[in-house]
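Me: I have a model open and would like to go through how its parts pack. Can you take me through it step by step?

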Amino acid sequence: MPAVHHKLLLEDALQDSPQTRSLLSVFEEDAGMLTDYTNKLLQSMQRVFGAQSEMGLATEQLSQQLLDYEKKNFALGKGDEEVITTLQSFAKTVGELNSLHSELANQMADSMVFPLIQFREKDLTEISTLKEIFGIATDEHEAAMVKYSRLPKKKENEKLKADMVKEVAYTRRKQHQASLQYYCALNALQYRKRVAMLEPMLGYTQAQISFFKKGIELVSKKMDNFLSSVSNMTQSIQAQLDAEAEAMRLSQRELLSVEDTVYMPDKDTEPVNRTLIQKAGYLNIRNKTGLVTTAWDRLYFFTQGGNLMCQPRGAVAGGMVLDLDNSSVMAVECEDRRYCFQITSPSGKTSMILQAESKKEYEEWICTVNNISRQIYLTDNPEAVAIRLNQTAIQAVTPITSFEKRQEGSPNPDRAKPGGVHATSSGSQKTGAAPEPEDLIAPGTPIQFDIMLPASEFQDQNRAGGRRTNPFGETDDDCSTESDDSLLQQVFAVRFLGSMAVRCGDNQEVIYEAMRQVLAARAIHNIFRTTESHLMVTSSSLRLIDPQTQVTRISFQLGEVCQFAAHQENGRLMGFVVEGRDWSDGDEEGEPSFSAFVFESNTEGEKICYTISLAKDITEAKKDPEALAQLMKNMPLTNDGKFLLLEPETGDMTNGAGQEDLESEA
């Protein structure tokens, strides 16, 4: 007996994904072809019924139409082999029965023409009507979603928002009901078309046999078993239809018995899953339509491996939009819309702004993209890795401020023994493998995002020898004297992104790992605003200066800076490692401790690193007067005797004082 291998899943009606729409188009195309074929078959049967004088020609055409069923190649025709074989047998029988008696007219009208007319007028017309209702409900839902997406984030009108939520829920429920009815009708049509194709011919053949006595023994010997099997086949298909209709009715009732929150946007009851490595759903994407005008389009996005894919409605498959490997994602405020986030390629040349439907979707998309950017999907067990990294990130990126105090007696994860660091480093060099992140930064190390010296929380500033800045802008006399006598002074506009304790200071990889953790922390905690400062590099120190008050916020002796590097792909990111001493164990000399600082600059980070390198060269050259003289001879000097390194950043220096809380591109 034939079986139906294709059907529309009622559970997918509410999501209304492009995959479901694509499958729906196949069913609609099949229904259209079936309508055309039914009309032609009915015309043939009516000709048999009405043109008794031309019965031979009519039966010949009918036989040909029965053979054409196989040539139609229905997209959902899998399982019709027995139907095709049966129709071919019927076509042969019709060719033999080429003469028709007038007494057959009434029987043919009742058993052949009427069932097919009923199938066309009832079933096929119902499909057409439900298709129109489904289209209207879909258009109303899209219009409601467009209005809802335009709700402003600030100063919301609660009554307007409540009305829009009700309207979206009403239109979504209406679309859900229409789609369920439409899907059920299309699924049932796959059974009814088989009965509609076989039942008329069964009645026609039985009428012929009952009225033609001549040669009845010959015909009966060939047809009795055949007709019996066809009758059993139609009854079996009808039983399958009844069972499927009952199952769809129960499923439809269960799907419609859900709470109203299912249809309401931004009413998610489930917690946010931050360990996803795959995500799919509708998002609004911002597209530029002119120099200053933009438009938002609602499209279906999904992740596949390390790529972000987009599939418009009606498309058979999706296309790649962006490679997410090593990309960055962050929350943004855009055109007074809620739940917006931006994905940027590693090179920074490609970026896109997307809007989620709810806060849960917004946070899950950010976490998913962040997980994929770390290439977790390439591991053997990506789900377990994502869970472990998420737990580590929650512990490691909890924001702290300089005014919080570490609890007494708590373990200090910042400290690492120099011997252990060197042993790990030498072991890495022997094996030729890169150091693990745990060897560079201790798991659970806190990150701070303000511009206060993090060492003040876990090391004694006075005994470390570092210069502490007076909060009222007053500095020590030796500071000003050293600044005046400096042979190098270069100022860069930078934005402080974060700092954290690290385990070593002799490897640039520790800076890259600190950059990654700081940027991941900002993405997870939605911290995307920073304050601009001026980083002054001299031949003796590094100073971070407030551009408005000219107060020195942080000052490091150049000898304390043991490592510095710019990001390998995003040239505007740079960082350095500062070495200090920790006397918490009572050791008179103190244990070495290291802190990494990450900045984003308006210029290339390589320029800042080159300036720091030159400052260190000057410091070393001061020990040898001849080397210093040779260095000053090779480098151009300004009128006051300082090294002329770079063109002054006039635009940044003049406008930097009035630009605070800028939005960082990191």
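Reply: Gladly, and one definition comes first: a helix axis here is a line fitted to C-alpha atoms over the stretch in contact, and angles between axes run from 0 to 180 degrees between N-to-C directions. Please also keep in mind that this is a predicted model.

Me: Okay, then how do α1 and α4 cross, and at what angle?
Reply: The axes of helix α1, residues 18-50, and helix α4 cross at roughly 155° and come within 10 Å. Since angles over 145 degrees count as roughly antiparallel, α1 and α4 are therefore roughly antiparallel to each other. The crossing of α1 and α4 is left-handed.

Me: What kinds of residues make up that contact of α1 with α4?
Reply: The contact of α1 with α4 divides into 19 nonpolar, five polar and four charged residues.

Me: And α4 with α5, what is the geometry there?
Reply: Helix α4 covers residues 104-149 and helix α5 covers residues 158-211, and their axes come within 8 Å while crossing at roughly 165°. That angle makes α4 roughly antiparallel to α5, and the crossing of α4 and α5 is left-handed. By class, the contact of α4 with α5 has 29 nonpolar, eleven polar and eleven charged residues.

Me: Are α3 and α5 parallel or antiparallel?
Reply: Helix α3, residues 81-96, packs with α5 at an angle of about 25°, their axes being 11 Å apart. Angles under 35 degrees count as roughly parallel, and α3 and α5 are therefore roughly parallel to each other. The crossing of α3 and α5 is left-handed.

Me: While we're on α5, is Cys184 buried or exposed?
Reply: Cys184, which lies in helix α5, counts as buried at 12% relative accessibility. Across a separation of 175 residues along the chain, the C-alpha atoms of Cys184 and Leu9 are 9.1 Å apart.

Me: Switching to rings, how many aromatic pairs are there?
Reply: Counting ring centres within 6.5 Å, the total comes to 14 aromatic pairs. One of them joins Tyr282 and Tyr300, whose ring centres are 5.2 Å apart and whose planes stand at 75°, so that pair is edge-to-face.

Me: Where do Tyr282 and Tyr300 sit in the chain?
Reply: Tyr282 lies in strand β1, residues 280-288, and Tyr300 lies in strand β2, residues 294-304, so the pair ties together parts that are 18 residues apart in sequence. Tyr282 is buried, and Tyr300 is buried as well.

Me: What about Phe341 and Tyr362, how are those rings arranged?
Reply: The ring centres of Phe341 and Tyr362 are 6.5 Å apart and their planes lie at 55°, so the pair is tilted. The two residues link distant parts of the chain, with Phe341 in strand β6, residues 340-344, and Tyr362 in helix α7, residues 359-373, 21 residues apart. Both Phe341 and Tyr362 are buried.

Me: Which residues form the aromatic cluster?
Reply: One aromatic cluster is formed by Phe496, Phe556, Phe576, Phe597 and Phe599.

Me: Which charged residue sits over the ring of Tyr282?
Reply: That is Arg298, whose charged end sits over the Tyr282 ring at 4.4 Å from its centre. Elsewhere, Lys193 lies over the face of Phe74, 4.6 Å from the ring centre.

Me: Back to β2 for a second, what is the exposure of Asp297?
Reply: Asp297 is found in strand β2 and is partly exposed, with a relative accessible area of 33%. Asp297 and Gln355 are 58 residues apart in sequence, yet their C-alpha atoms are 9.9 Å apart in space.

Me: Last topic, backbone angles. What is the phi of Asn326?
Reply: As background, most residues other than glycine have a negative phi. In Asn326, which is not a glycine, phi is positive, near 60°. Asn326 is placed in the loop between β4, residues 319-323, and β5, residues 328-331, and at 45% relative accessibility Asn326 counts as partly exposed.

Me: And Tyr339, what is its phi, and is the residue buried or exposed?
Reply: Tyr339 also is not a glycine and has a positive phi of about 60°. Tyr339 lies in the loop between β5 and β6, and at 17% relative accessibility Tyr339 counts as buried, the cut-off for buried being under 20%.

How values were computed: Residues are numbered from 1 along each chain as its sequence is written. This is a predicted model: local features need pLDDT of at least 70, side-chain atom pairs count only at pLDDT 80 or more; totals for chains, interfaces and linings use all residues. Side-chain values use heavy atoms; hydrogens and water are left out. Helices (H or I, at least four residues) and strands (E, at least two) are DSSP runs, numbered from the N terminus. Angles under 35 degrees count as roughly parallel, over 145 as roughly antiparallel, 65 to 115 as roughly perpendicular and the rest as oblique. A crossing is left-handed if the near helix is turned anticlockwise from the far one by less than a right angle, and right-handed if clockwise. Ala, Val, Leu, Ile, Met, Phe, Trp, Tyr, Cys and Pro count as nonpolar, Asp, Glu, Lys and Arg as charged, and the others, Gly among them, as polar. Rings of Phe, Tyr and Trp (its six-membered ring) pair if their centres lie within 6.5 Å; planes under 30 degrees apart count as stacked, over 60 as edge-to-face and the rest as tilted. Buried means under 20% relative accessible area, exposed over 50%, partly exposed in between (1.4 Å probe, protein chains only). A charge sits over a ring if NZ of Lys or CZ of Arg is within 6 Å of the ring centre and within 35 degrees of the ring normal.
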